[in-house]
Amino acid sequence: MEPIVITGIGVVSPVGIGHRSFWNSLLEGRSGIAPVESIDTSGYRVHNGGEVKDFRPQDHDVDPTWGRASQLAVAASRLALADADLTGAEGDPLRWGVAMGTTSGEPRVIEHFNAQFVNEKLADVGPELMTFYPSHVIAAHVAEALAFGGPNTMIPAACAAGNYAIGFACDALASGRADRMLAGGADAFSRMTYTGFARLGAVSPDVCRPFDRDRQGMIPGEGAAVLVLERQSSARQRGARIWAEVAGYGLSCDAHHMTAAHPAGDGAARAMTTALDDAGVRPEEVGYVSAHGTGTPTNDRLETLALYQAFGEGARRVPVSSVKSMLGHTMGAASAMEAAVCTLAVAENKVPPTINFEQPDPECDIDCVPNEAREVPVGVALNNASAFGGNNASVVFRRVAS
């Protein structure tokens, strides 16, 4: 099978817009977590979030009437195309496709409808409710903005959705159903999401400190990340820079509980081993793991168990970091952003840190790259993601010889 490679990266994140700003911020350990500004949190016991505060749709040729998740997704797509030195006009637009992931779709549209209902203004509800709310509109808006007429799908697999979208895009390219694919994830900060996680008691009152003994939870965030994927022969033919190969992916479901992970980490471990098998990679060849790493007491402990199932005692050796310590949990965008992290780690032999780490936890006995980035050989990187519903997705990224 011909390799599928990454030739463009686009990111809109709480620590920077554009992959270079994003990457430099992560390597410097810069946090995007701050008091929430887009909603009133005075009624909550927690108040911090990972918002993209300097985003302006007009800076990215994005329709400002679309929902915020669509705006972030289109902006990230345009950034990815520019990074790939493509305009979208090359070749047959009917052979360009889009695969996106999300957790909440366009929740702010629903919140607006809810406000009108509460204020007895249902007569003012317009047709935009039906055209802007369903989650599939995010991928559809990307296609509309870029006039891409190939395969188009939205995978709402919650916090693992970005990795699912990358897998779908690779299959579309490998099967010959498309010539180029945009793949990633997007989610907007919303009262709905913030309330849900706050009521679950999953939000940290101060910072996110994954794998630390005193971790208290995650921090909700927002953003979008998109990769340009194409067959290696296509990239070579046009002289494109190749960031990395998507070498394989693995999916699994815990089939256990809607919000709690499998108590032995079985599902996450199966996703990892399936991805490594799909890529033809041995665990000892992996130079970096981007953890799901939410910072909740249970998730980090169970992800550690899963890593030991997949890597054996090698789980102590491989660097494993969580960029959610800096970005917050960007929901459906999270694994797409972390795919960008793995791509850049493979390309530049650098791994970002897990910040806010102070106290080791014997139940998280891994090398979490505490507080400072490293320069290490990363020929292969593994991106882990898990989600409500027990959905797990791992993707393997590999260096491509020039």
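Just after helix α1, glycine 29 takes a positive phi of about 70°. The model is predicted, so that local features need pLDDT of at least 70, side-chain atom pairs count only at pLDDT 80 or more, and totals for chains, interfaces and linings use all residues. Residues are numbered from 1 along each chain as its sequence is written, and side-chain values use heavy atoms, with hydrogens and water left out. Helices (H or I, at least four residues) and strands (E, at least two) are DSSP runs, numbered from the N terminus.

The axes of α1 (residues 19-27) and α12 (residues 334-348) come within 11 Å and cross at roughly 80°; axes are lines fitted to C-alpha atoms, for helices over the stretch in contact, and angles run from 0 to 180 degrees between N-to-C directions. The two helices are therefore roughly perpendicular, a term that covers 65 to 115 degrees. On the α1 side, the contact is made by His19, Arg20, Phe22, Trp23 and Leu26, and on the α12 side by Met337, Ala340, Val341, Leu344, Ala345 and Glu348.

Helix α3 (residues 107-118) has 12 residues and should span 16 Å at 1.5 Å a residue, which agrees with the 16 Å between its end C-alpha atoms; the expected span is 1.5 Å times one less than the number of residues. Pro107, Val109, Glu111 and Gln116 are buried in α3, and the buried residues pack against α4 (128-132) and α7 (191-199).

Conventions:
Buried means under 20% relative accessible area, exposed over 50%, partly exposed in between (1.4 Å probe, protein chains only). Contact means heavy atoms within 4.5 Å. Angles under 35 degrees count as roughly parallel, over 145 as roughly antiparallel, 65 to 115 as roughly perpendicular and the rest as oblique.
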